[in-house]
Amino acid sequence: MPTAPDAASAPSGLYVPGYVRDHDTHPPLDHPGYRSTALRHPRRPPTLLPHTLTEITAPVLGEDRVGEHDHDLTRGHDGEPQGQRIIVHGQVRDSGGAAVPHTLVEVWQANAAGRYRHTGDNWPAPLDPHFTGVGRAMTDAEGRYRFVTVRPGAYPWRNHRNAWRPAHIHFSLFGRAFTQRLVTQMYFPDDPLFFQDPMWNSVPDPRARERMLARYDHDATRPEWALAYRWDIVLRGREQTPFESDEEILEDDE
C-alpha cells in the first residue's frame with residue numbers, strides 16, 4: 001500500500017494519510033454509462049471514522065471459517081451442475097510482488113445459462129437446481145487460491161438498448177476483518193460483448209482492463225474433466241487489478 005500522502009487524489013478533497021487513488025486504473029464511483037451508479041455513488045463528502053477495537057479485531061476471518069469443499073461450486077448438491085466445468089486459480093500479490101497469504105477470497109457468479117440464483121433475477125433462462133453460484137477459499141502460504149466451477153453465461157441487464165453482460169465471475173477479497181475488503185470482476189478472453197459493457201469500459205486505462213482478463217492455462221487443465229484459467233490479483237502498484245471501490249482498502253501486510 002502506498003505511504004506517500006496524496007491529498008489531491010483523496011475523494012471530495014478529504015485528506016487521508018497514505019491514501020492514493022489511481023484514477024487511470026480504478027473506475028469512477030459515478031460512471032454515466034453504468035446507469036445505476038447514479039443511485040449508488042456518494043453525494044456527500046466522506047467522513048473519516050477511526051477504527052475501534054471492534055473493527056480491528058472482529059469478526060476474525062481465518063481458515064477455520066472455510067469448509068473443506070467451499071472452493072468447489074460443483075459439489076454439495078444432489079447432482080452435477082450444467083455447463084462446462086472449469087478451474088480458476090491464481091495468486092494474490094501486493095504492490096511489491098510478494099504473496100498475500102491467508103486471505104479470504106469469495107466468488108459469486110451466474111450459472112451456465114447466465115442466471116443468478118436470486119429473486120431479482122427472473123429473465124427467461126433456466127435455473128440450475130445443482131448450482132448456487134457461490135464459493136470461498138483461503139489463499140495458502142504462497143498467496144494461491146483455487147476454485148472449481150462452471151463457466152458462467154452472458155445475461156441481459158437493461159442498462160441500455162440490447163445490453164448484455166460479458167461472462168464474468170465476481171471476486172471479493174478480505175483481510176482479517178470485514179472492514180478490509182476489495183471487490184472486482186474476472187472476465188474471460190475473446191468475449192464479443194466487451195464493446196458495449198459499461199463496467200468493463202468504466203476502467204479508464206485499456207491496459208488496466210486487460211488485467212481483469214483471465215488467461216487459459218493448459219498446464220492446469222485436467223484431462224477429460226475441466227479446462228483451467230489463471231487469474232492473478234494484485235492489490236497495489238503499477239500492475240494493480242482494477243477494483244470496483246477504492247474506498248475499501250485491503251492492507252498489503254495482512
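I started at Pro-129, which contacts His-77 and Arg-117 once neighbours within four places in sequence are set aside (contact: heavy atoms within 4.5 Å). I am working on a predicted model, where local features need pLDDT of at least 70, side-chain atom pairs count only at pLDDT 80 or more, and totals for chains, interfaces and linings use all residues. Residues are numbered from 1 along each chain as its sequence is written, and side-chain values use heavy atoms, leaving out hydrogens and water.

I placed Pro-129 in the loop between β2 (104–108) and β3 (134–138) (strands are DSSP runs of E, at least two residues, numbered from the N terminus). Its relative accessible area is 61%, so I logged Pro-129 as exposed (exposed is over 50%, buried under 20%, partly exposed in between, with a 1.4 Å probe and protein chains only).

Next I searched the whole structure for salt bridges and found seven (a side-chain nitrogen of Lys or Arg within 4 Å of a carboxyl oxygen of Asp or Glu). One of them pairs Asp-232 with Arg-93 at 3.1 Å, N to O. This pair links distant parts of the chain, 139 residues apart: Arg-93 sits in strand β1 (residues 85–93), Asp-232 in the loop between β10 (227–230) and β11 (233–234). Asp-232 also bridges to Arg-230, with the closest N and O atoms 2.9 Å apart. Shared partners join Arg-93, Arg-230 and Asp-232 into one network.

Asp-232 is partly exposed at 22%, while Arg-230 counts as buried at 19%.

Notes. Helix = DSSP H or I, 4+ residues; strand = E, 2+ residues; numbered from the N terminus.
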